[in-house]
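Me: I would like to go through how some terms are applied to this predicted model. Please set each value against its cut-off.

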Amino acid sequence: MRSITYHIEHSRPGQKISGFLKEKGYSEQNLVNLKKDEESILVNGVFTRQNYVLQEGDRLTVRIRERDSSDQIVPVELPLDILYEDEDLLVVNKAAGMPIHPSRNNYNNSLGNALAWYYREQNRPFVFRCINRLDRDTSGLTIVAKHMVSAAILSRMVANKSEKEEICREYLAIVRGHVLPEAGTIDAPIARKESRCLERVVDYAQGERAVTHYRVEKEHNGYSLVRLKLETGRTHQIRVHMSYLGYPLVGDFLYNPAYAGNQKDRLLPGTKKVSDGSYELNRQALHAYRLAFRHPMTGELMDFTTPLPSDMERLIT
């Protein structure tokens, strides 16, 4: 159970608990779920309802009790790199090759499977709420909410356009050649490619707005290391935008023409193969290296980074 206490120092005339919690970022569904538990809301130690009008000096306590688990996710003992954990969230450094969610072809090798095992070992219920989803072969940082309220607030932050409330997501990618211009903004709408379930394409007629800011950080041995910041979060956004710019990611079997049709030749992510006389990756060279955001419950600034994994590091050093 997660217990959160708010000290009411400056109450608004007539403000109810429900209105106060909405201002704190609780969703309508959060409030509905809390209503189902008669012992979820206390004022000054006494159970009460959400229509109570708050008074200055009140001590409001919210108790979040979740008993259900994601039963369809099978617990599997897998390597799990947790950089940070508290009562409200986890920050995980996901390895390349690990899907976020289980699927038909990835039933027992996902981050969800690994976390289900992690929670089971602690005898705790587990509902998988991943906030910023990464492609299977993209490595790096992702946030997992540990209860319904932190999930609602963090999800809103992902969608928020305000720099004060958003989740800052920065990536490192490797492409071939000298990128020109060396810095800029790609503002090009993205849509699902006709007749293709997975693939996306820049489409000015049907696409949703997508904005990526980029800057070349380093060049070495014919490769460029590019730093990218997402302003929006469309599926495959960086991969599509860099291909649109003329610099598809090394190892990208979906958007790099040099690899098109070679899916059958893929090895495990992180291994290397000879391509045009040089070593390259067998997964898209994309790493979510930085996440910065305000903690959903405390408002504290959280800022996490993780270095390039060894497979990408070898290409650029």
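Me: What makes Asn30, Asn33 and Leu34 in α2 residues that meet α4?
Reply: Contact means heavy atoms within 4.5 Å. On that criterion Asn30, Asn33 and Leu34 meet Met148, Val149 and Ala152 of α4. By class, four residues of this contact are nonpolar, two are polar and none is charged.

Me: Why are α2 and α4 called roughly antiparallel?
Reply: The axes of α2 (residues 28-35) and α4 (residues 148-159) cross at roughly 170° and come within 9 Å. Angles over 145 degrees count as roughly antiparallel, and α2 and α4 are therefore roughly antiparallel to each other.

Me: How do you know that β2 and β3 pair?
Reply: Pairing requires at least two bridges. Strand β2 (residues 41-43) and β3 have two bridges, in the antiparallel sense. Val43 has Val46 in β3 as its bridge partner.

Me: What makes β1 and β3 edge strands?
Reply: The open, antiparallel sheet has four strands in the order β1-β4-β2-β3. Strands β1 (2-7) and β3 (46-47) each pair on one side only, and are the edge strands.

Me: Which residues of the largest nonpolar core touch the most other members?
Reply: This core has 33 residues, and those with the most contacts to other members are Tyr6, Leu21, Tyr26, Leu154 and Phe293. Helix α4 supplies the largest share, six residues. Leaving out residues up to four places away in sequence, the contacts of Phe293 include Leu89, Val91, Ile143, Leu154 and Met157. A second, separate core has 23 residues, among them Ala173, Val175, Leu230 and Ala288.

Conventions
Residues numbered from 1 in each chain as written. Predicted model: local features only at pLDDT ≥ 70, side-chain atom pairs only at ≥ 80, totals over all residues. Heavy atoms only, no water. Axes fitted to C-alpha atoms, helices over the stretch in contact; angles between N-to-C directions. Parallel < 35°, antiparallel > 145°, perpendicular 65-115°, else oblique. Nonpolar A, V, L, I, M, F, W, Y, C, P; charged D, E, K, R; others polar. Core = buried A, V, L, I, M, F, W, Y, C linked by side-chain atoms within 4.5 Å. Buried < 20%, exposed > 50% of the residue type's maximum accessible area, 1.4 Å probe, protein only.
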